[in-house]
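Here is a briefing for a reader meeting this structure for the first time. Please look over the sequence and the model, then read on.

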Amino acid sequence: MADIFTQFRDIGIIPVVAINDAAKAVPLAKALIAGGLPAAEVTFRTAAAEDAIKAIVKSCPEMLVGAGTVINVEQAERAKNAGVKFIVSPGYKEDVVQYCLDNNIPVMPGVSDPSGVEAALAHGLNHIKLFPAEVVGGVKMIDALGGPFPQCSFMPTGGVTTQNLAEYAKRKNILCMGGTWMVKADLINGEKWDEITQICKDAVKAMHGFKIDHVGINASDEGKANEIADTFALFGLAKKVGNSSIFSDTQIEIMKKPGRGTNGHLSVLTHNVDRALAYLKQFGFNPVMETASYLGEVGKSPLKVVYLDKEIGGFAIHLKKD
């Protein structure tokens, strides 16, 4: 089960799909994949759910497809037979959880308070859905639960949008976010696949929150580094001398001796370094792990900083948790 939850983290946003026509399931799945979200939680709120899941499983094997709004064992069994890779429920239902555990199906029960978290933990479940997220406090609830339950990670669902998902994405106890805004009924019924793809792309962009933190310049030696910093001071950028580099304000770092990158480096902020690495891997970027530092225990996610193995325009890139 561990691998599937890594997939949840790497994808970051799980579209929650209520579909009334199973014939639209595959083109919808392809639109989500094209938008960078190869996942769907197909809810059992509609009669077409089971057939929709079967169609996606058959035609889009790369899709992480599961069943949502599973509220009884009969639905869980139908979902299993349809080929789902996970099951999500809106609340904590003992018999549904036990069925999934007995059948080795990854399950995320929904909770809205600490008692629900404790019920899930009693069954060894530490990846949990928070629902309805915004109604029960949103990121404030996520932060509050992080204190007594540091072993848990959450999938907030309910009220999450492109506008607020970054606040969730940057929290270390977030596994992923669930949402319906990219798969609303009018978009599906109108077969607006290009629009769905674009909404997904916008959501992925907001989720990562990439932003340049500073530019690093490789100087040949300490004297040259000071000379460069003094020049930048003419533009009002205050000089701050450190052990290995000199900062000009916070935007420019001048290395006292050549560091990574032909010309220097770019520090790029992101909400979640591990998730960003999974995203960038598809474009040929990989981490240089000997450069990694961590938010907690050394060698264990989440990452704080790491360099990538490719330069852009003569500059090395290092990702940094914002």
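R78 and E74 join their side chains in a salt bridge, at 3.4 Å from N to O. A salt bridge here means a side-chain nitrogen of Lys or Arg within 4 Å of a carboxyl oxygen of Asp or Glu. The structure holds 17 salt bridges.

This is a predicted model: local features need pLDDT of at least 70, side-chain atom pairs count only at pLDDT 80 or more, and totals for chains, interfaces and linings use all residues. Residues are numbered from 1 along each chain as its sequence is written, and side-chain values use heavy atoms, with hydrogens and water left out.

**Salt bridges**

- Side chains of opposite charge can pair when their charged atoms come close.
- R78 and E74 both sit in helix α4 (residues 73–82), four residues apart, which is about one turn of the helix. Helices (H or I, at least four residues) and strands (E, at least two) are DSSP runs, numbered from the N terminus.
- R78 counts as partly exposed because its relative accessibility is 25%. E74 is also partly exposed, with a relative accessible area of 44%. The cut-offs are under 20% relative accessible area for buried, over 50% for exposed, and partly exposed in between (1.4 Å probe, protein chains only).
- K320 and D213 form a salt bridge through their side chains (3.5 Å, N to O). This pair links distant parts of the chain: K320 is in strand β17 (residues 315–321) and D213 is in strand β10 (residues 211–218), 107 residues apart.
- K320 is partly exposed, at a relative accessible area of 28%. D213 counts as partly exposed too, at 25% relative accessibility.
- D322 forms a salt bridge with K321, and their closest N and O atoms are 3.6 Å apart.
- D322 counts as partly exposed, at 37% relative accessibility, whereas K321 counts as buried, at 17%.

- In soluble globular proteins, nonpolar side chains tend to be buried together.
- The largest nonpolar core has 78 residues, and F8 and I87 touch the most other members. Helix α10 (residues 193–208) gives the most to this core, with seven residues. A nonpolar core is a set of buried Ala, Val, Leu, Ile, Met, Phe, Trp, Tyr and Cys residues joined through side-chain atoms within 4.5 Å.
- Leaving out residues up to four places away in sequence, F8 touches I14, L64, F86, M108, L175 and C176. Contact means heavy atoms within 4.5 Å.
- A second, separate core has 14 residues, among them L277, L280, A292 and L319.

**A buried lysine**

- K256 lies in the loop between β13 (252–255) and β14 (264–270).
- K256 counts as buried because its relative accessibility is 13%.
- Beyond its neighbours within four places in sequence, K256 has contacts that include D221, E222, N243 and S245.

**Cysteines**

- The structure holds zero disulfides. A disulfide is a pair of cysteine sulfur atoms within 2.5 Å.
- C152 is in no disulfide, and the nearest cysteine sulfur, that of C176, is 14 Å away. C152 counts as buried, at 3% relative accessibility.
- C200 is in no disulfide either, and the nearest cysteine sulfur, that of C60, is 13 Å away. C200 counts as buried, at 0% relative accessibility.
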